[in-house]
Amino acid sequence: MQKFTAQLSQKEEIADNTFAFTYIKPKGFAFTAGQYVVLDVDESRYSDDRPSFRSLSIASAPSDQDLLFVMRGSDSAFKRSMIASEVGDTVTLKGPIGHFVLPEDERQKIVYMGAGIGITPIRSMIREELASGSERQQMLFYSNSLPSCAAYALELRDISLPEYKCVNTMTGLKDNISEDEWAGERGFIDADMIEEYCDYYKQAQFYIVGTKSFINAMKDVLSGMGIDERHIKVDNFG
Ligand SMILES: Cc1cc2nc3c(=O)[nH]c(=O)nc-3n(C[C@H](O)[C@H](O)[C@H](O)COP(=O)(O)OP(=O)(O)OC[C@H]3O[C@@H](n4cnc5c(N)ncnc54)[C@H](O)[C@@H]3O)c2cc1C
């Protein structure tokens with residue numbers, strides 16, 4: 001597997017406890033939207049009994065100038081080292097890795113389903129579709145607990161492609177939050193929500209990203225709607 005060194009050019013908290021790391025794209029690093037790398041911190045500021053590397057999806061598109069990774073903070077030494085990193089620090093990237101990529105058939109309809117930080121490879125794919133001016137029918141169901149945790153929800157809502165739609169849903173809003181404060185959907189992605197927004201789901205290829213429990217929940221919903229497993233691709237974050 002190829003190894004690259006990348007230098008941090010920007011770090012930003014983009015949502016609650018959610019950090020975006022922009023790296024200068026190393027010379028010769030080429031990838032396909034949806035792939036991931038194993039990212040190893042070169043000089044860890046913290047250590048614990050776990051390795052200094054993690055699998056991270058590339059959240060930028062191949063056509064973007066820089067490389068972007070986005071992650072939720074935690075108390076692991078890896079995450080703390082990343083969050084403490086400074087512009088100019090370097091990481092080692094192994095990859096790119098993975099087959100969670102767009103279908104070759106440019107007319108294949110797509111339904112993306114992402115929960116929380118699982119949006120990263122989906123963002124890469126949708127931005128690549130935007131860059132190529134894709135005309136396929138495609139839509140995103142993006143689930144978060146609260147708007148303040150929802151990385152890139154507005155960017156993805158406002159993507160301007162002829163046959164693209166985005167449904168943001170919040171699962172943790174209190175009932176007393178008014179429509180002025182949140183005008184999008186509420187509650188878990190279910191069969192009713194999919195049928196309401198997507199009239200082509202029976203011909204779609206589904207791309208599901210998130211934790212194992214989110215993936216299993218979505219698979220159950222789709223199986224209840226008669227969707228064959230062969231039309232479901234998953235990217236399991238663990
Ligand atoms: C293909 C792929 C792409 C991914 N892309 C992203 C991404 O874009 N952004 C992102 O944030 N994450 C992504 N992940 C997940 C990422 O690799 C990490 O696993 C995740 O972010 C958690 O990292 P962590 O350091 O917080 O926790 P980790 O230290 O990795 O721990 C993971 C879980 O195990 C538990 N745990 C840790 N140590 C122990 C122990 N000794 N005993 C019992 N339980 C323990 C922790 O509580 C936690 O729930 C991806 C994963 C995969 C496989």
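Predicted model: local features only at pLDDT ≥ 70, side-chain atom pairs only at ≥ 80, totals over all residues.
Which strands does α1 lie across, and at what angle does α1 run to β3? Residues are numbered from 1 along each chain as its sequence is written.

**View 1. Helix α1 against the strands.** α1 lies across β2 (18–24), β3, β4 and β5. The angle at which α1 runs to β3 is about 80°. Axes are lines fitted to C-alpha atoms, for helices over the stretch in contact, and angles run from 0 to 180 degrees between N-to-C directions. Two residues are in contact if their C-beta atoms, placed from the backbone, lie within 7 Å. Helices (H or I, at least four residues) and strands (E, at least two) are DSSP runs, numbered from the N terminus.

**View 2. The open sheet of six strands.** The strand order is β4-β3-β6-β1-β2-β5, with antiparallel pairing; two strands pair if DSSP finds at least two bridges between them. β4 and β5 are the edge strands, each pairing on one side only. On average, neighbouring strands of this sheet are turned by 40° against each other, direction ignored.

**View 3. The β3 and β6 pair.** Strand β3 (residues 36–41) and strand β6 (residues 90–97) run antiparallel and are joined by five bridges. Val-38 has Lys-94 in β6 as its bridge partner.

**View 4. The shell around the ligand.** Of the 18 residues around the ligand, those that come nearest are Ser-55, Met-71, Ser-74, Ser-76 and Thr-120; a residue is near a molecule or strand if its C-beta atom, placed from the backbone, lies within 6 Å of it. Two or more residues of the shell come from each of β4 (53–57), β5 (67–72) and α1 (77–84). β4 gives the largest share, four residues. By type, the shell has seven nonpolar, six polar and five charged residues. Ala, Val, Leu, Ile, Met, Phe, Trp, Tyr, Cys and Pro count as nonpolar, Asp, Glu, Lys and Arg as charged, and the others, Gly among them, as polar. Domain 1 (3–97) and domain 2 (110–236) each contribute at least three residues to the shell.

**View 5. The contact between domain 1 and domain 2.** The domain bounds come from an automatic or database domain assignment. The C-alpha centres of domain 1 and domain 2 are 24 Å apart. Domain 1 gives 18 residues to the contact and domain 2 gives 13 residues.
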